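I opened the notebook to look up a few local features in one model. The entries follow in the order in which I checked them.

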Amino acid sequence: MYCMTCSICHPSLITDSADDYGILEEAPEHFSEPSSSTAQIALYPENGLWDQQQDLLEFEQPFWDEDCDLIYLVWEDETHLADVVSDVKMSWIRKLIRFTVLKPTERYGHMLCGWIAGRESEYMETLSEHEVLHSVTQLLRIFTGNPTITPRKLLRSQWFHEPYSCGSYTYVAKGCSGYDIDNLAEPLPLKGSDSKSLQVLFAGEATQRSFFSTVHGALLSGWREAERLISHYTPASGSFSSKL
């Protein structure tokens, strides 16, 4: 393990987070010591890493009602049976489907959080902030009919191109199940190996069967792995008891 001081340490235990799931999916061949099973590697692309981005927009004055919490955008030619974004470069903005009004105003001011996911969000990351701000402004003007709407500032996430995450969070893809999530949570080396056990442990929402894609799922998975370590290093006659 390379530390921030450029020194090298050799820990006996490493716990990986959900962000590393994106790295494993991107280049599983680099994760070879201790090696994971073929079945475990195969799960990375199957389970799916969802790329969802947020665009934070700040306004001088709100154009929405005081009791408004969400703003959904629905195109007239849109159906739930077809992907209307056939040309990502030309129509990526159509995947920006909703805005959350950040509250309370006393804390956030007049701010909206826009949500965009999938390949369109990946493409959006390649654009400059000026291009994104222009497209979002035009989108809001089209839907409101108000040509004067002008956000004063934009701040966006770029999880897909972040080298230490390669995406935002996971989802259970078609054909997968909770058993696949359980398999991802198995520590390395796998059971039956002659190597020292519990060299690498996996935590994060991607490994939590009941609450994947959530912050509390990530928290629960961390508690799970902490308990695994405590149980492993606590003598059988110890007084430790699980509170999970």
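**Entry 1: a loop threonine.** I started with T148, which sits in the loop between α6 (129–144) and β7 (153–156). Helices (H or I, at least four residues) and strands (E, at least two) are DSSP runs here, numbered from the N terminus. I looked up its exposure: T148 has a relative accessible area of 61% and is exposed. My cut-offs are under 20% relative accessible area for buried, over 50% for exposed, and partly exposed in between, with a 1.4 Å probe and protein chains only. The side chain of T148 makes a polar contact of 2.5 Å with that of N146. A polar contact is a pair of N or O atoms within 3.5 Å; within protein, one must be able to donate a hydrogen and the other to accept it, and residues adjacent in sequence count only if both atoms are side-chain atoms. I also noted T137, 11 residues from T148 in sequence, with 9.5 Å between the C-alpha atoms.

**Entry 2: ground rules.** The model is predicted, so I noted its limits: local features need pLDDT of at least 70, side-chain atom pairs count only at pLDDT 80 or more, and totals for chains, interfaces and linings use all residues. Residues are numbered from 1 along each chain as its sequence is written, and side-chain values use heavy atoms, with hydrogens and water left out.

**Entry 3: helix α6.** I checked the length of α6: its 16 residues should span 22 Å at 1.5 Å a residue, and the end C-alpha atoms are 22 Å apart, which agrees. The expected span is 1.5 Å times one less than the number of residues. Which residues of α6 are buried? I listed V132, V136, T137, L139 and L140. Seen down the axis of α6, these fall within an arc of 160 degrees, so they line one face of the helix. The arc is taken from the directions from the helix axis to the C-beta atoms. On the other side of α6, H130 and I142 are exposed. The buried residues pack against β3 (52–59), β5 (98–101), α5 (119–125) and β7, where contact means heavy atoms within 4.5 Å. G145 follows α6 and has a positive phi, near 75 degrees.

**Entry 4: helix α8.** The 19 residues of α8 (residues 215–233) should span 27 Å at 1.5 Å a residue; I found 28 Å between the end C-alpha atoms, which agrees. The buried residues of α8 are G217, S221 and E225. They fall within an arc of 75 degrees down the axis of α8, so they line one face of the helix. An α-helix has 3.6 residues a turn, so residues three or four places apart point the same way. β9 (200–202) is included in what covers the buried residues of α8. At the start of α8, a side-chain oxygen of T214 comes to within 2.9 Å of the backbone nitrogen of G217.

**Entry 5: aromatic rings.** I searched the whole structure and found four aromatic pairs. In one of them, the ring centres of F59 and F63 are 5.5 Å apart and the planes are at 75 degrees, so the pair is edge-to-face. Rings of Phe, Tyr and Trp (its six-membered ring) pair if their centres lie within 6.5 Å; planes under 30 degrees apart count as stacked, over 60 as edge-to-face and the rest as tilted. F63 counts as partly exposed at 27% relative accessibility, and F59 counts as buried at 4%. The rings of F59 and W64 have centres 5.6 Å apart and planes at 80 degrees, so this pair is edge-to-face. F59, F63 and W64 form one aromatic cluster.
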